[in-house]
Amino acid sequence: MNYISVIKKILDKLDEHKSLLNDLDQAIGDGDHGTNMVRGFQAVVDDEQNLKDLEPSVLFKKIALILMSKIGGSSGPLIGTFFINLGKTWTGLSQTEIAHAFHAGAMSLQQFGKAELGEKTMVDALNPAVDALSNNVNLPMKAFFEQGYLAAKIGAINTKEMVAKKGRASYLGPRSVGHVDPGAQSIAFIFEALYEVV
Amino acid sequence: MKKFINKIDDIVTEVIEGLVLANPEILSNIPDSKVITRKSINKNKVALISGGGSGHEPAHAGFVGTGMLDAAVFGEIFTSPGPDRIYDAIKTVVGKPGGLILVKNYTGDVMNFEIAADMAKDEGINLETVIINDDIALENSTSTTGKRGIIGTIFVHKIAGAAAEAGLNLQEVKRIAQKAIDNIASFGVSLSGCTVPASGKPGLIVPDGEMEVGLGIHGEPGLHREKQKTADESAEIIMQHIDQYLNLKKGDEVGLIVNGLGGTPMMELNILARKAIKILQAKEIKIIKSFVGNYMTAIDMVGFSFSVIKLDAELKKFLKAKVVTTAMVGME
(Lines give C-alpha, C1' and ligand atoms only; values in the text may rest on other atoms or scores of the structure.)
Protein backbone atom coordinates (compact mmCIF):
# COMPACT_ATOMS: atom_id res chain seq x y z
CA MET A 1 0.00 0.00 0.00
CA ASN A 2 1.47 3.34 -1.04
CA TYR A 3 0.18 5.70 1.60
CA ILE A 4 1.92 8.71 0.09
CA SER A 5 -0.11 8.31 -3.09
CA VAL A 6 -3.22 8.54 -0.90
CA ILE A 7 -1.86 11.74 0.65
CA LYS A 8 -1.20 13.04 -2.87
CA LYS A 9 -4.81 12.42 -3.77
CA ILE A 10 -5.94 14.30 -0.65
CA LEU A 11 -3.60 17.15 -1.57
CA ASP A 12 -5.02 17.31 -5.11
CA LYS A 13 -8.57 17.40 -3.77
CA LEU A 14 -7.82 20.13 -1.23
CA ASP A 15 -5.82 22.12 -3.77
CA GLU A 16 -8.64 21.90 -6.30
CA HIS A 17 -11.02 23.37 -3.72
CA LYS A 18 -8.58 25.72 -2.01
CA SER A 19 -10.50 28.87 -2.98
CA LEU A 20 -13.78 27.42 -1.78
CA LEU A 21 -12.22 26.54 1.60
CA ASN A 22 -10.69 30.02 1.86
CA ASP A 23 -14.05 31.60 1.01
CA LEU A 24 -15.86 29.49 3.62
CA ASP A 25 -13.24 30.56 6.14
CA GLN A 26 -13.55 34.19 5.11
CA ALA A 27 -17.23 34.09 6.04
CA ILE A 28 -16.56 33.05 9.64
CA GLY A 29 -12.80 33.47 10.13
CA ASP A 30 -9.86 35.02 8.34
CA GLY A 31 -9.96 33.29 4.98
CA ASP A 32 -6.92 31.05 4.79
CA HIS A 33 -8.11 27.57 5.80
CA GLY A 34 -7.63 26.18 2.28
CA THR A 35 -4.18 27.73 1.94
CA ASN A 36 -3.13 26.29 5.31
CA MET A 37 -4.41 22.78 4.56
CA VAL A 38 -2.74 22.70 1.15
CA ARG A 39 0.54 23.95 2.64
CA GLY A 40 0.44 21.09 5.17
CA PHE A 41 -0.34 18.24 2.78
CA GLN A 42 2.07 19.66 0.18
CA ALA A 43 4.85 19.48 2.80
CA VAL A 44 4.10 15.78 3.36
CA VAL A 45 4.22 15.06 -0.37
CA ASP A 46 7.46 17.07 -0.68
CA ASP A 47 9.01 14.79 1.95
CA GLU A 48 8.06 11.63 0.05
CA GLN A 49 11.63 10.31 -0.25
CA ASN A 50 12.05 10.24 3.53
CA LEU A 51 8.63 8.79 4.20
CA LYS A 52 7.90 6.18 1.57
CA ASP A 53 9.50 3.13 3.19
CA LEU A 54 8.32 3.69 6.76
CA GLU A 55 6.03 1.35 8.71
CA PRO A 56 2.48 2.77 9.05
CA SER A 57 2.80 3.51 12.80
CA VAL A 58 5.98 5.54 12.26
CA LEU A 59 4.80 6.99 8.97
CA PHE A 60 1.53 8.35 10.35
CA LYS A 61 3.36 9.97 13.27
CA LYS A 62 5.81 11.66 10.90
CA ILE A 63 2.93 12.82 8.72
CA ALA A 64 1.22 14.16 11.85
CA LEU A 65 4.26 16.19 12.86
CA ILE A 66 4.61 17.69 9.38
CA LEU A 67 0.92 18.61 9.27
CA MET A 68 1.02 20.18 12.75
CA SER A 69 4.10 22.16 11.87
CA LYS A 70 2.98 23.39 8.46
CA ILE A 71 -0.78 23.85 8.84
CA GLY A 72 -0.55 25.65 12.20
CA GLY A 73 -3.68 27.31 13.58
CA SER A 74 -6.16 24.96 15.21
CA SER A 75 -6.50 22.68 12.17
CA GLY A 76 -2.83 21.62 12.40
CA PRO A 77 -2.88 20.13 15.91
CA LEU A 78 -6.33 18.63 15.37
CA ILE A 79 -5.48 16.82 12.13
CA GLY A 80 -2.08 15.96 13.60
CA THR A 81 -3.72 14.34 16.61
CA PHE A 82 -5.95 12.35 14.25
CA PHE A 83 -2.95 10.98 12.35
CA ILE A 84 -0.94 10.14 15.47
CA ASN A 85 -3.78 8.02 16.83
CA LEU A 86 -4.49 6.55 13.43
CA GLY A 87 -0.89 5.30 13.49
CA LYS A 88 -1.16 3.99 17.04
CA THR A 89 -4.21 1.88 16.25
CA TRP A 90 -3.39 0.86 12.66
CA THR A 91 -3.25 -2.93 12.48
CA GLY A 92 -4.06 -3.77 8.89
CA LEU A 93 -5.98 -3.10 5.74
CA SER A 94 -9.25 -4.95 6.29
CA GLN A 95 -12.38 -2.81 6.50
CA THR A 96 -12.74 -3.69 10.19
CA GLU A 97 -9.17 -2.70 10.97
CA ILE A 98 -9.43 0.55 9.00
CA ALA A 99 -12.73 1.45 10.64
CA HIS A 100 -11.24 0.78 14.07
CA ALA A 101 -8.20 3.00 13.47
CA PHE A 102 -10.22 5.82 11.93
CA HIS A 103 -12.61 5.70 14.87
CA ALA A 104 -9.72 5.95 17.34
CA GLY A 105 -8.28 8.88 15.39
CA ALA A 106 -11.59 10.71 15.36
CA MET A 107 -12.17 10.18 19.09
CA SER A 108 -8.74 11.58 19.90
CA LEU A 109 -9.36 14.63 17.73
CA GLN A 110 -12.70 15.25 19.40
CA GLN A 111 -11.20 14.87 22.86
CA PHE A 112 -8.26 17.16 22.13
CA GLY A 113 -10.42 19.85 20.52
CA LYS A 114 -13.04 19.49 23.28
CA ALA A 115 -15.76 19.72 20.67
CA GLU A 116 -19.12 17.99 20.71
CA LEU A 117 -21.33 17.15 17.76
CA GLY A 118 -23.39 20.16 16.68
CA GLU A 119 -20.80 22.82 17.56
CA LYS A 120 -19.93 23.54 13.90
CA THR A 121 -16.47 21.99 13.72
CA MET A 122 -14.54 19.25 11.93
CA VAL A 123 -16.17 16.79 14.34
CA ASP A 124 -19.53 17.28 12.61
CA ALA A 125 -18.16 15.73 9.41
CA LEU A 126 -15.56 13.40 10.87
CA ASN A 127 -17.63 11.55 13.46
CA PRO A 128 -20.50 10.65 11.10
CA ALA A 129 -17.92 9.52 8.55
CA VAL A 130 -16.09 7.17 10.91
CA ASP A 131 -19.41 5.89 12.25
CA ALA A 132 -20.44 5.11 8.66
CA LEU A 133 -17.19 3.17 8.19
CA SER A 134 -17.74 1.21 11.40
CA ASN A 135 -21.31 0.38 10.38
CA ASN A 136 -20.37 -0.81 6.90
CA VAL A 137 -17.33 -3.04 7.37
CA ASN A 138 -19.06 -5.79 5.43
CA LEU A 139 -19.31 -3.80 2.23
CA PRO A 140 -16.61 -4.09 -0.45
CA MET A 141 -13.75 -1.59 0.03
CA LYS A 142 -14.97 0.97 -2.50
CA ALA A 143 -18.54 0.97 -1.18
CA PHE A 144 -17.21 1.04 2.39
CA PHE A 145 -15.32 4.29 1.70
CA GLU A 146 -18.26 5.64 -0.27
CA GLN A 147 -20.38 5.39 2.88
CA GLY A 148 -17.72 7.34 4.80
CA TYR A 149 -17.53 9.98 2.09
CA LEU A 150 -21.29 10.45 1.86
CA ALA A 151 -21.63 10.75 5.63
CA ALA A 152 -18.82 13.33 5.77
CA LYS A 153 -20.38 15.30 2.93
CA ILE A 154 -23.79 15.39 4.60
CA GLY A 155 -22.14 16.18 7.94
CA ALA A 156 -20.39 19.17 6.39
CA ILE A 157 -23.59 20.43 4.75
CA ASN A 158 -25.39 20.16 8.08
CA THR A 159 -22.92 22.56 9.71
CA LYS A 160 -24.43 25.35 7.63
CA GLU A 161 -27.36 25.78 9.99
CA MET A 162 -25.32 25.41 13.18
CA VAL A 163 -24.17 28.17 15.54
CA ALA A 164 -20.40 27.90 16.04
CA LYS A 165 -19.45 27.14 19.63
CA LYS A 166 -15.77 26.39 19.23
CA GLY A 167 -12.86 28.18 17.62
CA ARG A 168 -12.68 31.67 16.22
CA ALA A 169 -16.08 31.35 14.53
CA SER A 170 -17.70 31.08 17.98
CA TYR A 171 -17.10 34.82 18.44
CA LEU A 172 -19.73 35.44 15.79
CA GLY A 173 -22.44 33.67 17.77
CA PRO A 174 -25.70 33.54 15.77
CA ARG A 175 -23.99 35.37 12.90
CA SER A 176 -22.05 32.18 12.14
CA VAL A 177 -25.25 30.53 10.85
CA GLY A 178 -25.62 30.24 7.07
CA HIS A 179 -22.11 29.10 6.21
CA VAL A 180 -20.63 25.60 6.03
CA ASP A 181 -17.76 25.15 8.48
CA PRO A 182 -14.48 25.15 6.52
CA GLY A 183 -12.92 22.47 8.74
CA ALA A 184 -15.89 20.14 8.26
CA GLN A 185 -15.73 20.78 4.52
CA SER A 186 -12.02 19.86 4.49
CA ILE A 187 -12.85 16.57 6.20
CA ALA A 188 -15.49 15.91 3.55
CA PHE A 189 -12.92 16.53 0.80
CA ILE A 190 -10.44 14.20 2.51
CA PHE A 191 -13.04 11.39 2.62
CA GLU A 192 -13.97 12.12 -0.99
CA ALA A 193 -10.31 11.69 -1.94
CA LEU A 194 -10.10 8.41 0.00
CA TYR A 195 -13.20 7.11 -1.78
CA GLU A 196 -11.81 8.05 -5.18
CA VAL A 197 -8.36 6.59 -4.58
CA VAL A 198 -9.30 3.10 -3.26
CA MET B 1 -4.86 44.23 -3.06
CA LYS B 2 -1.98 46.73 -3.15
CA LYS B 3 0.85 45.78 -0.85
CA PHE B 4 4.62 46.10 -0.75
CA ILE B 5 5.41 42.42 -0.60
CA ASN B 6 7.52 40.07 -2.71
CA LYS B 7 6.02 36.60 -2.57
CA ILE B 8 3.12 35.72 -0.29
CA ASP B 9 4.96 32.58 0.87
CA ASP B 10 8.01 34.62 1.88
CA ILE B 11 6.25 37.27 3.98
CA VAL B 12 6.95 35.85 7.44
CA THR B 13 10.56 34.91 6.70
CA GLU B 14 11.27 38.36 5.28
CA VAL B 15 9.58 40.14 8.19
CA ILE B 16 11.87 38.26 10.57
CA GLU B 17 14.93 38.98 8.45
CA GLY B 18 14.07 42.67 8.27
CA LEU B 19 13.49 42.99 12.01
CA VAL B 20 16.80 41.35 12.90
CA LEU B 21 18.78 43.24 10.25
CA ALA B 22 17.35 46.54 11.41
CA ASN B 23 17.81 45.89 15.13
CA PRO B 24 20.95 43.77 15.47
CA GLU B 25 21.75 45.24 18.89
CA ILE B 26 18.49 43.93 20.37
CA LEU B 27 17.28 40.97 18.31
CA SER B 28 18.46 37.66 16.95
CA ASN B 29 16.66 34.78 15.27
CA ILE B 30 16.84 31.01 15.44
CA PRO B 31 18.10 29.80 12.05
CA ASP B 32 15.57 27.71 10.07
CA SER B 33 12.84 28.40 12.60
CA LYS B 34 10.44 31.31 12.74
CA VAL B 35 11.50 32.57 16.16
CA ILE B 36 13.02 35.88 17.26
CA THR B 37 14.97 35.96 20.53
CA ARG B 38 16.91 38.52 22.50
CA LYS B 39 20.37 39.20 21.14
CA SER B 40 21.93 38.09 24.40
CA ILE B 41 20.00 35.34 26.13
CA ASN B 42 20.11 35.27 29.93
CA LYS B 43 19.28 31.77 31.12
CA ASN B 44 19.65 32.75 34.78
CA LYS B 45 16.22 34.36 34.94
CA VAL B 46 12.70 33.17 34.21
CA ALA B 47 12.23 33.26 30.43
CA LEU B 48 9.10 34.69 28.81
CA ILE B 49 7.84 33.23 25.55
CA SER B 50 4.92 34.49 23.52
CA GLY B 51 3.82 34.60 19.92
CA GLY B 52 1.02 33.75 17.58
CA GLY B 53 -0.01 34.45 14.05
CA SER B 54 1.84 37.11 12.09
CA GLY B 55 0.06 40.25 10.95
CA HIS B 56 -0.05 41.88 14.39
CA GLU B 57 3.25 43.72 14.10
CA PRO B 58 4.95 45.04 16.16
CA ALA B 59 3.50 42.28 18.38
CA HIS B 60 5.11 40.06 19.37
CA ALA B 61 8.74 40.42 18.25
CA GLY B 62 8.64 44.16 18.91
CA PHE B 63 8.40 43.35 22.59
CA VAL B 64 11.42 41.08 22.72
CA GLY B 65 14.24 42.61 24.77
CA THR B 66 15.30 43.67 28.23
CA GLY B 67 12.35 43.87 30.58
CA MET B 68 9.90 42.06 28.31
CA LEU B 69 9.94 38.86 26.21
CA ASP B 70 12.85 36.49 25.65
CA ALA B 71 11.38 34.92 22.52
CA ALA B 72 8.56 35.56 20.07
CA VAL B 73 7.28 32.75 17.86
CA PHE B 74 5.83 33.60 14.44
CA GLY B 75 2.99 31.72 12.80
CA GLU B 76 1.78 32.31 9.27
CA ILE B 77 -0.48 35.33 8.91
CA PHE B 78 -3.24 35.14 11.54
CA THR B 79 -2.41 31.45 11.99
CA SER B 80 -0.95 30.03 15.17
CA PRO B 81 2.59 28.67 14.84
CA GLY B 82 2.97 24.89 14.92
CA PRO B 83 4.37 23.29 18.09
CA ASP B 84 7.82 22.69 16.57
CA ARG B 85 8.64 26.41 16.40
CA ILE B 86 7.36 27.04 19.90
CA TYR B 87 9.45 24.11 21.13
CA ASP B 88 12.52 25.61 19.38
CA ALA B 89 11.90 28.86 21.24
CA ILE B 90 11.53 27.12 24.61
CA LYS B 91 14.71 25.08 24.12
CA THR B 92 16.67 28.18 23.15
CA VAL B 93 15.72 30.60 25.91
CA VAL B 94 14.59 28.63 28.96
CA GLY B 95 17.19 27.88 31.61
CA LYS B 96 17.05 26.46 35.10
CA PRO B 97 14.69 29.09 36.55
CA GLY B 98 12.08 27.93 34.02
CA GLY B 99 9.85 29.71 31.56
CA LEU B 100 6.46 31.38 31.44
CA ILE B 101 4.44 30.96 28.28
CA LEU B 102 2.03 33.79 27.52
CA VAL B 103 -0.77 32.70 25.20
CA LYS B 104 -3.60 34.76 23.77
CA ASN B 105 -6.93 32.98 24.07
CA TYR B 106 -7.45 31.59 20.58
CA THR B 107 -8.13 27.89 20.03
CA GLY B 108 -5.12 27.33 17.77
CA ASP B 109 -2.68 29.21 19.99
CA VAL B 110 -3.85 27.41 23.12
CA MET B 111 -3.50 23.98 21.45
CA ASN B 112 -0.13 24.57 19.78
CA PHE B 113 1.51 26.15 22.83
CA GLU B 114 0.12 23.32 24.98
CA ILE B 115 1.59 20.62 22.71
CA ALA B 116 4.96 22.38 22.63
CA ALA B 117 4.99 22.89 26.41
CA ASP B 118 4.18 19.20 26.94
CA MET B 119 7.05 18.21 24.64
CA ALA B 120 9.46 20.42 26.61
CA LYS B 121 8.12 19.36 30.02
CA ASP B 122 8.75 15.73 29.05
CA GLU B 123 12.42 16.68 28.94
CA GLY B 124 12.31 18.14 32.42
CA ILE B 125 11.99 21.81 31.43
CA ASN B 126 10.13 23.83 34.05
CA LEU B 127 7.25 25.69 32.40
CA GLU B 128 4.08 27.49 33.33
CA THR B 129 1.42 29.01 31.10
CA VAL B 130 -1.02 31.91 31.40
CA ILE B 131 -3.88 32.54 28.99
CA ILE B 132 -4.56 36.19 28.18
CA ASN B 133 -8.24 37.04 27.63
CA ASP B 134 -8.71 40.78 27.92
CA ASP B 135 -11.33 41.48 25.24
CA ILE B 136 -14.42 42.52 27.15
CA ALA B 137 -16.54 42.67 23.99
CA LEU B 138 -17.02 38.96 24.59
CA GLU B 139 -18.27 37.29 27.70
CA ASN B 140 -16.66 34.23 29.20
CA SER B 141 -19.33 31.77 28.31
CA THR B 142 -19.75 28.09 27.64
CA SER B 143 -21.19 28.76 24.20
CA THR B 144 -18.00 30.30 22.80
CA THR B 145 -14.26 29.87 23.06
CA GLY B 146 -14.35 32.62 25.69
CA LYS B 147 -12.89 36.11 25.74
CA ARG B 148 -10.21 36.78 23.13
CA GLY B 149 -6.70 37.92 23.90
CA ILE B 150 -6.02 41.28 22.25
CA ILE B 151 -4.03 44.44 22.95
CA GLY B 152 -4.03 44.06 26.74
CA THR B 153 -1.50 41.30 26.08
CA ILE B 154 1.15 44.03 25.89
CA PHE B 155 0.52 45.02 29.52
CA VAL B 156 1.00 41.39 30.53
CA HIS B 157 4.26 41.14 28.57
CA LYS B 158 5.50 44.36 30.13
CA ILE B 159 4.58 43.56 33.72
CA ALA B 160 5.56 39.87 33.72
CA GLY B 161 8.72 40.77 31.80
CA ALA B 162 9.76 43.29 34.42
CA ALA B 163 9.03 40.80 37.20
CA ALA B 164 11.22 38.19 35.49
CA GLU B 165 13.95 40.75 34.87
CA ALA B 166 13.88 41.64 38.58
CA GLY B 167 14.79 38.04 39.34
CA LEU B 168 11.49 36.76 40.71
CA ASN B 169 10.90 33.02 40.56
CA LEU B 170 8.59 31.29 38.09
CA GLN B 171 5.61 30.96 40.44
CA GLU B 172 5.85 34.64 41.37
CA VAL B 173 6.14 35.77 37.75
CA LYS B 174 3.12 33.63 36.90
CA ARG B 175 1.11 35.03 39.81
CA ILE B 176 1.90 38.60 38.75
CA ALA B 177 1.07 37.88 35.09
CA GLN B 178 -2.28 36.41 36.13
CA LYS B 179 -2.99 39.38 38.40
CA ALA B 180 -2.33 41.69 35.44
CA ILE B 181 -4.67 39.64 33.22
CA ASP B 182 -7.41 39.82 35.84
CA ASN B 183 -7.23 43.61 35.91
CA ILE B 184 -7.20 44.43 32.19
CA ALA B 185 -10.12 45.42 29.98
CA SER B 186 -9.77 46.07 26.25
CA PHE B 187 -12.29 46.99 23.57
CA GLY B 188 -11.91 47.78 19.87
CA VAL B 189 -13.82 49.36 16.97
CA SER B 190 -13.05 49.54 13.28
CA LEU B 191 -14.04 51.35 10.11
CA SER B 192 -12.76 48.65 7.75
CA GLY B 193 -11.65 45.05 7.59
CA CYS B 194 -8.15 44.00 6.65
CA THR B 195 -6.68 42.23 3.65
CA VAL B 196 -4.96 38.93 4.42
CA PRO B 197 -2.44 38.57 1.55
CA ALA B 198 -3.31 34.90 0.91
CA SER B 199 -6.96 35.73 0.28
CA GLY B 200 -6.25 39.07 -1.43
CA LYS B 201 -9.46 40.81 -0.44
CA PRO B 202 -10.77 42.42 2.74
CA GLY B 203 -12.37 39.91 5.10
CA LEU B 204 -14.98 42.35 6.28
CA ILE B 205 -16.57 45.21 4.39
CA VAL B 206 -17.74 48.07 6.59
CA PRO B 207 -19.83 50.46 4.46
CA ASP B 208 -19.16 54.21 4.49
CA GLY B 209 -20.79 55.90 7.45
CA GLU B 210 -20.76 52.77 9.62
CA MET B 211 -18.42 51.25 12.16
CA GLU B 212 -17.95 47.77 13.56
CA VAL B 213 -17.98 47.69 17.35
CA GLY B 214 -16.30 45.15 19.63
CA LEU B 215 -14.07 43.35 17.18
CA GLY B 216 -10.83 41.45 17.54
CA ILE B 217 -7.52 41.53 15.72
CA HIS B 218 -8.12 39.34 12.68
CA GLY B 219 -10.60 41.45 10.78
CA GLU B 220 -13.36 39.21 12.04
CA PRO B 221 -16.72 40.89 12.55
CA GLY B 222 -17.43 42.41 15.96
CA LEU B 223 -20.39 42.53 18.31
CA HIS B 224 -22.52 44.73 16.14
CA ARG B 225 -22.41 47.50 13.57
CA GLU B 226 -23.59 51.03 14.10
CA LYS B 227 -23.52 54.49 12.56
CA GLN B 228 -20.02 55.94 12.55
CA LYS B 229 -19.33 58.25 15.46
CA THR B 230 -16.82 61.06 15.92
CA ALA B 231 -13.52 60.37 17.70
CA ASP B 232 -14.84 61.75 20.98
CA GLU B 233 -18.11 59.81 20.79
CA SER B 234 -16.26 56.59 19.92
CA ALA B 235 -13.86 57.10 22.80
CA GLU B 236 -16.78 57.65 25.15
CA ILE B 237 -18.56 54.47 24.07
CA ILE B 238 -15.44 52.37 24.58
CA MET B 239 -14.45 53.96 27.87
CA GLN B 240 -17.95 53.35 29.17
CA HIS B 241 -17.60 49.60 28.47
CA ILE B 242 -14.16 49.50 30.09
CA ASP B 243 -15.17 51.57 33.11
CA GLN B 244 -18.17 49.37 33.71
CA TYR B 245 -16.05 46.23 33.52
CA LEU B 246 -13.20 47.42 35.74
CA ASN B 247 -15.48 49.37 38.08
CA LEU B 248 -13.06 52.31 38.19
CA LYS B 249 -13.30 54.69 41.12
CA LYS B 250 -11.92 58.08 42.00
CA GLY B 251 -8.29 57.73 43.04
CA ASP B 252 -7.67 54.50 41.11
CA GLU B 253 -4.38 54.24 39.24
CA VAL B 254 -4.31 52.82 35.72
CA GLY B 255 -2.22 52.21 32.64
CA LEU B 256 -3.73 53.05 29.24
CA ILE B 257 -3.01 51.83 25.72
CA VAL B 258 -4.55 53.58 22.73
CA ASN B 259 -3.75 51.06 20.04
CA GLY B 260 -3.95 51.47 16.29
CA LEU B 261 -4.99 48.43 14.29
CA GLY B 262 -2.62 49.13 11.41
CA GLY B 263 -4.54 51.49 9.14
CA THR B 264 -5.23 54.39 11.49
CA PRO B 265 -2.79 57.32 11.43
CA MET B 266 -1.04 58.50 14.62
CA MET B 267 -2.86 61.79 14.20
CA GLU B 268 -6.18 60.10 14.85
CA LEU B 269 -4.79 57.96 17.67
CA ASN B 270 -3.64 61.11 19.44
CA ILE B 271 -7.10 62.65 19.06
CA LEU B 272 -8.56 59.48 20.60
CA ALA B 273 -5.93 59.46 23.36
CA ARG B 274 -6.76 63.05 24.21
CA LYS B 275 -10.40 62.15 24.83
CA ALA B 276 -9.64 58.90 26.65
CA ILE B 277 -7.32 60.69 29.05
CA LYS B 278 -9.80 63.52 29.62
CA ILE B 279 -12.53 61.00 30.44
CA LEU B 280 -10.30 59.29 33.01
CA GLN B 281 -9.14 62.62 34.45
CA ALA B 282 -12.73 63.79 34.83
CA LYS B 283 -13.29 60.75 37.06
CA GLU B 284 -10.11 61.62 38.96
CA ILE B 285 -8.42 58.43 37.90
CA LYS B 286 -4.66 58.70 37.79
CA ILE B 287 -2.92 57.55 34.61
CA ILE B 288 0.46 56.17 35.61
CA LYS B 289 1.57 55.45 32.07
CA SER B 290 -0.09 55.80 28.68
CA PHE B 291 0.98 54.32 25.38
CA VAL B 292 -0.32 55.67 22.08
CA GLY B 293 0.60 53.90 18.85
CA ASN B 294 0.48 50.69 16.90
CA TYR B 295 1.23 47.88 19.36
CA MET B 296 -0.96 45.02 18.20
CA THR B 297 -2.31 45.52 14.71
CA ALA B 298 -4.53 43.62 12.29
CA ILE B 299 -2.46 44.17 9.12
CA ASP B 300 -4.08 47.24 7.52
CA MET B 301 -7.32 47.50 9.45
CA VAL B 302 -8.63 51.01 10.04
CA GLY B 303 -9.58 50.99 13.68
CA PHE B 304 -8.34 51.24 17.21
CA SER B 305 -8.75 49.79 20.66
CA PHE B 306 -8.40 51.05 24.19
CA SER B 307 -6.95 48.90 26.92
CA VAL B 308 -6.90 49.86 30.57
CA ILE B 309 -5.19 48.07 33.43
CA LYS B 310 -6.12 48.79 37.02
CA LEU B 311 -2.91 48.90 39.04
CA ASP B 312 -1.91 48.08 42.57
CA ALA B 313 1.54 48.94 43.94
CA GLU B 314 3.13 45.79 42.56
CA LEU B 315 1.67 46.06 39.06
CA LYS B 316 2.53 49.76 38.99
CA LYS B 317 6.16 49.12 39.85
CA PHE B 318 6.57 46.58 37.07
CA LEU B 319 4.62 48.64 34.54
CA LYS B 320 7.06 51.50 35.11
CA ALA B 321 10.22 49.41 35.09
CA LYS B 322 12.93 49.90 32.50
CA VAL B 323 12.39 48.30 29.09
CA VAL B 324 14.47 48.09 25.92
CA THR B 325 12.65 46.57 22.94
CA THR B 326 12.11 47.76 19.40
CA ALA B 327 8.49 48.76 19.96
CA MET B 328 8.68 50.04 23.53
CA VAL B 329 11.63 51.79 25.13
CA GLY B 330 12.53 53.97 28.07
CA MET B 331 10.62 54.46 31.31
CA GLU B 332 12.02 55.06 34.78
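I worked from a predicted model, in which local features need pLDDT of at least 70 and side-chain atom pairs count only at pLDDT 80 or more, while totals for chains, interfaces and linings use all residues. Residues are numbered from 1 along each chain as its sequence is written, chains are lettered from A in the order in which they are written, and side-chain values use heavy atoms, with hydrogens and water left out.

**Interface.** I looked up contacts (heavy atoms within 4.5 Å) and found 27 residues of chain A touching 36 residues of chain B. The buried area (accessible area, 1.4 Å probe, that two parts lose on being put together, summed over both) is about 2400 Å², with 53% from carbon and sulfur atoms. I noted that A:Gln26, A:Arg168 and A:Tyr171 supply 27% of what chain A buries against chain B, more than any other three residues.

I then checked charged pairs (salt bridge: a side-chain nitrogen of Lys or Arg within 4 Å of a carboxyl oxygen of Asp or Glu). The rule finds two across the interface. A:Arg175 and B:Glu212 form a salt bridge at 3.5 Å, N to O.

I sorted the residues of chain A that touch chain B into eight nonpolar, eleven polar and eight charged; here Ala, Val, Leu, Ile, Met, Phe, Trp, Tyr, Cys and Pro count as nonpolar, Asp, Glu, Lys and Arg as charged, and the others, Gly among them, as polar.

**Strands of chain B.** I took strands as DSSP runs (E, at least two residues), numbered from the N terminus, and called two paired if DSSP finds at least two bridges between them. β1 (residues 27-29) and β2 (residues 35-38) of chain B run antiparallel and share three bridges. Five residues lie between these strands in the hairpin, where B:Asp32 takes a positive phi near 60°. β2(B) is also joined by three bridges to β4 (residues 71-77) of chain B, again antiparallel.

**B:Ser186.** I located B:Ser186 in strand β7 (residues 184-190) of chain B.

Notes. Helices (H or I, at least four residues) and strands (E, at least two) are DSSP runs, numbered from the N terminus.
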